[in-house]
Every structure is written in C-alpha cells, then in structure tokens.
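Please have a look at the picture before you read on.

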There are 2 protein chains.
Amino acid sequence: MKNNILKSPDGMRSYLPDLAFKFKEIEQRIFDVFKLWGYQPVITPTLEYFDSLTVGMGSRLKKELYKFIDYEGNILALRPEMTAPIARTLAGRLDDLTFPQRLSYSASVFRHGQPQSGKNREIYQVGIELIGEKNALADAEAIIIAIESLINAGVKRFKIDIGHAGFLDGIINQLNLNNREKNKLKAFLVQRDLVGLRNYINNLNPDTNRVLDQLPLLRGDKDVLNLAGELVDNRKSITAIENLKQIYSYLSDYGVEEYINFDLSLIRGLDYYTGVVFEGFTEKLGYTICGGGRYDNLIGQYSGVDLPAIGFAIGVERVRLALEKQGYCFPLCRVDAVIVFNAETSKLALKTARNLREKGLVIISLERKEVDRKLLSFGKSKGASKVISFCPPPEEDKLEIYDLTSNSRETISIKDWEERLWQR
Amino acid sequence: MKNNILKSPDGMRSYLPDLAFKFKEIEQRIFDVFKLWGYQPVITPTLEYFDSLTVGMGSRLKKELYKFIDYEGNILALRPEMTAPIARTLAGRLDDLTFPQRLSYSASVFRHGQPQSGKNREIYQVGIELIGEKNALADAEAIIIAIESLINAGVKRFKIDIGHAGFLDGIINQLNLNNREKNKLKAFLVQRDLVGLRNYINNLNPDTNRVLDQLPLLRGDKDVLNLAGELVDNRKSITAIENLKQIYSYLSDYGVEEYINFDLSLIRGLDYYTGVVFEGFTEKLGYTICGGGRYDNLIGQYSGVDLPAIGFAIGVERVRLALEKQGYCFPLCRVDAVIVFNAETSKLALKTARNLREKGLVIISLERKEVDRKLLSFGKSKGASKVISFCPPPEEDKLEIYDLTSNSRETISIKDWEERLWQR
C-alpha cells in the first residue's frame with residue numbers, strides 16, 4: 001500500500017489555489033445572494049448516525065453512502081446531502097426556534113457513486129432551506145434565489161426545469177401499483193428513460209397509461225400547465241397544477257420568467273419530496289448544476305410534527321465547470337507587491353510591508369540577498385505588478401522598485417513612495 | 001437504535017445561526033489577514049488513505065483517527081489535521097509549482113479523542129502553510145500572521161508561546177535513550193508534566209539531567225534565550241537558540257514583541273516538527289487557540305525531496321469561546337426589513353423587495369393576510385428595524401411601515417418611501 005501515499009482516494013481530489021480560489025469566489029457570490037434574502041448560516045456534523053441520515057432517503061442514495069462502525073459500535077455515515085441533517089437538527093430544537101427559519105449552508109457531501117472514473121465522491125455544495133412556510137410564495141422564493149445565485153456567480157444561458165412530485169404521485173396512485181412497481185416506475189423517470197417507462201407501463205396496465213404517454217409533451221413554457229391540467233382527473237395532480245400556476249405567477253411578478261421551463265416528468269432522486277421540484281442546467285453541461293424542492297413530511301419523520309419546508313443545493317464544482325465552458329474570466333487572485341530585503345534592512349522593510357497591508361494591499365515579503373531574475377519571475381507568477389527591493393541597503397532612505405508590467409526599474413525615496421501610495 | 005434519529009454522534013454537533021454566524025465571521029476576519037500576506041486557498045479531501053495520512057504522524061494522534069475500510073478494501077481515515085494532506089498534495093505536484101507557496105485553508109478535521117464528555121470530535125480549523133522557505137523570516141511571518149489573525153478576530157490579552165523542536169532534540173539526543181524512552185520522555189513534555197519528567201529522568205540517567213531540571217525556568221521574555229544558550233553545549237540546541245534569537249529580532253522589527261513568550265519546554269503532539277514551534281493562548285481559556293511550527297522533513301517523506309515548510313492552525317470554536325469569555329460583542333446578523341403582502345399586492349411588493357435587495361438591503365418577504373402581533377415579533381426576532389406592509393391592498397400606491405424600534409406605524413406613499421431609501 002505504500003505506493004498510495006501520494007494518492008487521494010478515488011473520486012476525491014485536492015484543489016490548489018488556481019481552482020480553490022474559484023470555488024471560494026463562487027461560494028462567496030452565492031452567499032451574498034442568500035444573505036440579501038435573510039438566510040443565515042447553519043453548520044451540521046460531517047458524520048451522522050446511519051439511522052438518522054436515512055430517514056426519508058430513497059434506496060438508491062442509501063447504496064451510495066460511505067458508512068462505517070465507530071469505536072462504540074454505532075453505524076455512522078458521511079452525509080450525502082444536507083437536507084436530512086438540517087431537518088434532524090431542527091426537529092430536535094422545535095421549541096427553541098421561531099418559524100419561518102431561513103438557513104444557508106456551505107458543505108462537503110459524500111456519495112460513493114458508480115465506479116465510473118472521474119465522478120467526484122466528495123461534492124462541495126451551497127444551498128438553502130426555508131422551513132415553516134407552505135405557500136407558493138415560499139416555493140417561488142427558493143426558485144428565484146437559485147436563479148439569482150447562478151446569475152451572481154456569472155452563469156449565463158441557464159434554465160430552471162420545474163416539476164411537481166404531487167402531479168406524478170396523483171397519476172401513479174391511479175395505476176394501482178404495488179410499492180415495487182411504483183419504485184421501478186419512478187426509477188425510469190429518474191433516469192429520464194421515457195421509452196422504457198412506456199414499455200413498462202404497457203405491460204402492467206395498458207388502459208391507464210394515457211397521461212404517462214403524454215409526459216414527454218409536458219415540457220416547455222407555461223402553456224404546459226394548461227395542457228397538463230386538461231389531461232389529469234385526480235385531485236392530487238389538479239392541486240399540483242394549481243400550485244405550479246401560482247408559483248409561476250410569482251416568478252413572473254418578480255421578473256424571472258425567462259429562466260423558467262416546465263417539465264412535468266421531472267422527478268428527483270430523493271424520496272422525501274412532496275411538492276414542487278426543480279433543477280437548473282446550462283446548455284453545454286451534461287448535468288444539473290442545482291436542484292431542490294418541497295419536502296413537507298421530512299421534519300415530521302424526525303419530530304412527529306410535520307413542518308413544511310423547501311430548499312435547494314448548488315454544486316460549486318459544477319458551476320465552476322459551467323463558467324469554464326462559457327469562457328468566463330475570473331478576476332485574478334491579486335498580489336500587489338513583493339517586498340524583498342536582507343538582514344540589514346529588515347526593520348525598515350517589515351515596517352513598510354506592515355504599513356502597506358494596513359492600507360489593504362496584498363504584500364508578500366521575502367528575505368533575499370539580492371533581486372535576481374528568478375525572483376522577478378516569482379513576482380510575475382503571483383500576478384504582482386511590483387517588486388520593492390530594500391537590498392542592497394538603501395542609501396538615504398531610498399528603495400528600488402521593479403515594475404513587472406513594463407519591465408523597468410526606478411530608484412525612489414521612501415517618502416515619495418509613500419505619498420504615491422496614498423494617492424491610489 | 002431508532003432513538004438515535006434525533007441525535008448527532010458524540011462530540012459532533014450542529015450550529016444554528018446564532019453560533020454558525022460567529023464561526024463564519026471569525027473565519028472571514030482571519031482569512032482577510034491571510035489574504036493580505038499573499039496566502040491563497042487550498043482544498044484537500046476530507047478522506048485520505050490511512051497510510052498517506054500517517055506519514056510522520058505520532059502514535060498518539062494515530063490512535064485518535066476515524067478509520068474505516070471502503071468498498072474497494074482500502075483503509076481510509078478522516079483527516080485529523082491539514083498539514084499532512086497539504087504536504088501530500090504538494091509532494092505529488094512539485095514539478096508544476098513555483099516556490100515559495102503560501103497556502104491557506106478552512107476545514108473540518110476529526111479526532112476521536114478521549115471519551116470525556118464535551119470534547120469536540122469534529123474541529124473547525126483555519127490555517128496557513130508557507131512552503132519552500134527555510135529562513136527565520138518565514139518563521140517570523142507565520143508567528144506574526146497568527147498574532148494578526150487573533151487580533152483581527154477580536155481576541156484580546158493573548159500570548160504566543162514559542163519553543164523549538166531542535167533545542168529539545170539536541171538535549172534528548174545527549175541522554176542516549178532508546179526510542180521507547182524518548183517517546184515516554186516526550187509524552188511528559190506534551191502533557192506538561194515537568195515533575196513526572198524529572199522523576200523519570202532521575203531514574204534513567206541521573207547525571208545528565210541538568211538542563212532538563214532547568215526547563216521549568218526557561219519560560220518568559222527574550223532573556224530566556226540567553227539563559228538557555230548558557231545551559232546547552234550541543235550544536236543542535238545552540239543552533240536552535242540562534243534561530244529563535246533571529247526570529248525574535250524580526251518579530252520585534254515588526255512590532256509584535258508584546259505578544260511573545262518563550263517556553264523552551266514546549267513540544268507539540270505531532271512528530272514531524274523540526275524547528276520553531278508555537279502555541280497561542282488567552283488567560284481565561286484552559287487550552288490553546290492556535291498552534292504550529294516548522295516541519296522541514298515531512299514533504300520529503302512523501303516525495304523523496306525535502307522541502308522546508310512552516311504552518312499553523314487556529315481553532316475557530318476555541319476563538320469563539322475566547323471571545324465569549326472576554327465579553328466580545330459580535331455585530332448582529334442584520335435583516336433590514338420584512339416585507340409582507342397578500343395575493344392581490346404581490347407584484348408591487350415583489351418588485352419593491354427586488355429593488356431594495358439590489359440596493360444591498362437584506363429583505364425577508366412573507367405572504368400573509370395581515371400584519372399581526374406574531375408577525376411583528378418575528379420581525380423583531382430577526383433584528384429587523386422595519387416591517388413594510390402591502391396588505392391590505394395599497395390605495396393610491398400607499399404602504400404601511402411599522403417601525404419595530406419605536407413601535408410606531410406610518411402610512412406613506414411608495415414614491416416617498418423610495419426617495420427615503422435613496423438617502424440612506
């Protein structure tokens with residue numbers, strides 16, 4: 001195993017500053033949006049009891065858990081998503097909290113996933129949960145925040161697909177299937193295999209598949225809702241369509257209709273969704289960059305008291321990939337200057353560096369005998385525009401400034417230099 | 001086990017916004033300092049191969065690892081600290097990188113720890129590594145950044161204890177002990193059990209314990225360095241003292257002497273330190289709030305090529321506790337206003353909310369039939385100064401503003417309200 005010491009486990013990777021800086025930037029911009037809507041951070045443990053984590057979880061995601069037994073014999077697992085841990089946390093503190101609660105998070109989640117190469121098993125997510133509100137405005141709020149987050153992160157040409165767990169549930173309930181058959185049917189929907197779905201349904205119950213046959217057509221703008229409303233005759237599906245119409249009306253009032261697409265065959269992999277569900281995607285990326293929905297029964301499965309909730313998560317790495325494919329230019333990770341000095345001039349140089357940092361400049365200090373080509377190229381590699389040299393010892397308070405943009409050098413008194421700084 | 005579903009594993013906890021907000025605030029302020037010194041973020045996997053993680057790790061920390069076997073039969077472990085994962089990452093990419101590298105991180109680390117109650121097993125750390133510089137300036141830089149980080153986070157009355165792995169190594173090497181005896185001796189030092197240490201040494205080798213007897217006296221200001229220099233006669237310890245004098249000279253040039261305390265009995269729990277080591281503490285907290293040191297051989301244990309390095313980590317929860325004990329007041333997690341409306345007035349209210357958010361105000365929007373006492377108290381609980389009500393439907397573009405500070409209410413035209421906003 002010793003040859004493993006340079007490796008990270010499959011699907012887990014390190015990000016050096018060139019990429020990590022972009023992660024932080026994307027996260028910050030999305031959090032800026034969350035904050036403007038009154039969302040405040042929550043932190044939950046990376047490890048949870050297996051039994052706690054899997055409340056309301058579908059069998060598919062359960063198989064992807066990293067689980068293990070701790071020193072006390074408990075079965076623990078790494079969280080594969082943040083909604084269940086947050087639901088658990090709130091369920092234990094219902095008496096201390098006033099609702100609605102608006103919570104935001106930034107967290108690693110872990111999914112063992114399929115063995116195909118390149119799939120990340122540690123996933124960096126940011127997201128929100130709005131807990132204690134059941135109305136269509138709350139649904140619209142989550143969708144609007146997802147849209148504004150992607151816009152603020154710099155993503156262009158994206159759409160949010162909107163569906164409804166109640167719409168499909170209503171239809172599926174009419175088919176009188178057992179649980180195994182229902183799960184199989186949902187699996188076709190999760191895989192977006194509508195042909196497989198039709199064949200499966202035809203074999204089961206050829207008379208009641210009229211609506212399912214039409215599912216592929218129920219994608220597009222708001223007219224889809226009217227079409228769908230005419231197709232269904234069960235109360236649950238009709239209520240779902242009414243809910244979606246109301247949500248759309250709020251989205252339109254807010255002015256974000258252009259990002260909306262309805263897709264009534266949309267179903268998400270987690271079993272706890274009860275209402276609207278949505279996913280965001282860009283044209284050039286083969287997978288969703290965000291997803292979420294309403295889950296009104298999950299907290300009740302922990303506490304015994306139902307509490308309506310909606311939330312979504314955004315995949316930070318997927319947003320970064322989308323931005324890269326769209327040719328987005330990140331602002332540089334800025335270093336303003338490199339200050340170089342030797343043992344004799346350290347006092348003056350360190351005080352200058354401190355002074356400049358107190359003015360908000362990003363300064364790298366280095367102890368060197370002299371400024372050589374290697375040092376100038378180090379400065380350039382950091383994006384610094386200047387190297388300020390205190391070696392050899394400054395005569396009469398003078399220092400040398402190398403301009404890395406123009407490749408020029410000047411000698412300047414420290415007093416002049418400081419005045420120049422103040423003018424920035 | 002079903003009664004576990006509301007619990008988190010021992011030593012792991014959730015932080016709701018009242019605390020999580022403070023974590024984020026502390027982290028941000030410390031990162032602001034890291035950035036000014038040219039440090040850029042790095043991200044490493046939460047899980048590592050056990051063999052990779054334990055390169056250079058002492059047997060004590062090894063026992064505290066969360067380890068498990070993955071689906072492919074590999075032994076994995078949750079990282080108990082960030083230095084080894086960063087060393088591993090760099091060791092694998094030496095050819096692609098220019099040095100020195102200045103890296104910063106914010107990460108969870110995991111230590112199973114003793115079973116005593118209340119001890120956190122998931123620890124939130126921020127820290128830096130400065131890799132590829134061996135001089136005393138780099139040592140001083142790490143210590144100065146630790147000091148400025150604590151100051152910027154708001155911590156008062158703290159000291160940084162400074163010691164040197166080389167100083168103690170030089171003395172211990174003269175005692176001609178076997179590895180087991182050395183480890184036992186170091187364990188006394190880690191536990192700060194200087195009486196136990198003296199007894200142990202007396203039994204082993206009564207003639208050569210003169211310096212170890214003096215260790216308790218080698219604590220205090222810079223004069224300690226002269227005292228220690230006179231006590232030792234081995235090259236390694238003498239070089240260590242020279243190194244500490246040079247570091248002190250830089251710290252003094254920079255103007256942070258007041259935070260410095262020397263403690264030559266200081267030894268840190270990780271075995272990879274080779275030079276200066278340091279720990280920060282405040283008077284009222286029973287444990288260190290930061291710690292680090294120089295490790296010049298660790299990267300070489302991964303890559304075969306030694307690369308000098310120094311770094312430290314700050315415990316975010318411990319800083320929060322220190323601030324709390326010092327009576328520090330965190331700025332409030334600000335919500336500017338709650339906007340309330342009903343179905344008839346949603347369009348105008350949503351546009352107003354959007355408008356205000358675009359001006360940088362934090363706005364919570366709620367759909368309600370009317371403004372009642374419960375809603376006003378919700379607004380107050382969020383720290384909002386205003387509730388802006390669009391229900392009942394505004395006549396002639398009017399809205400109602402409840403001032404939650406003065407408990408007053410006024411009716412105002414939307415035009416006047418917007419003008420007032422612009423004046424903020």
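This is a predicted model: local features need pLDDT of at least 70, side-chain atom pairs count only at pLDDT 80 or more; totals for chains, interfaces and linings use all residues.

Residues are numbered from 1 along each chain as its sequence is written, chains are lettered from A and ligands numbered from 1 in the order in which they are written, and side-chain values use heavy atoms, leaving out hydrogens and water.

**Confidence**
- The model has an ipTM of 0.92 and a pTM of 0.93.

- Helices (H or I, at least four residues) and strands (E, at least two) are DSSP runs, numbered from the N terminus.
- In chain B, helix α10 (residues 223–231) packs against helix α11 (residues 235–254) at about 165°, with the axes 10 Å apart; axes are lines fitted to C-alpha atoms, for helices over the stretch in contact, and angles run from 0 to 180 degrees between N-to-C directions.
- α10(B) and α11(B) are therefore roughly antiparallel (under 35 degrees is roughly parallel, over 145 roughly antiparallel, 65 to 115 roughly perpendicular, and the rest oblique).
- Residues in this contact (heavy atoms within 4.5 Å) include B:Leu225 and B:Ala228 of α10(B) and B:Ile241 and B:Leu244 of α11(B).
- In chain A, the axes of helix α5 (residues 136–153) and helix α11 (residues 235–254) come within 9 Å and cross at roughly 50°, which makes α5(A) oblique to α11(A).
- Among the residues making that contact are A:Ile143 and A:Ile144 of α5(A) and A:Tyr250 and A:Leu251 of α11(A).

**A buried helix**
- Eight of the ten residues of helix α6 (residues 165–174) of chain B are buried, so α6(B) is largely enclosed by the rest of the structure; buried means under 20% relative accessible area, exposed over 50%, and partly exposed in between (1.4 Å probe, protein chains only).
- B:Phe167, B:Leu168 and B:Ile171 are among the buried residues.
- Their cover includes β7 (158–164), α7 (179–190) and α10 of chain B.
- After α6(B) comes B:Asn176, with a positive phi near 50°.

**Cysteines**
- A:Cys329 is exposed, with a relative accessible area of 67%, while B:Cys290 is buried at 3%.
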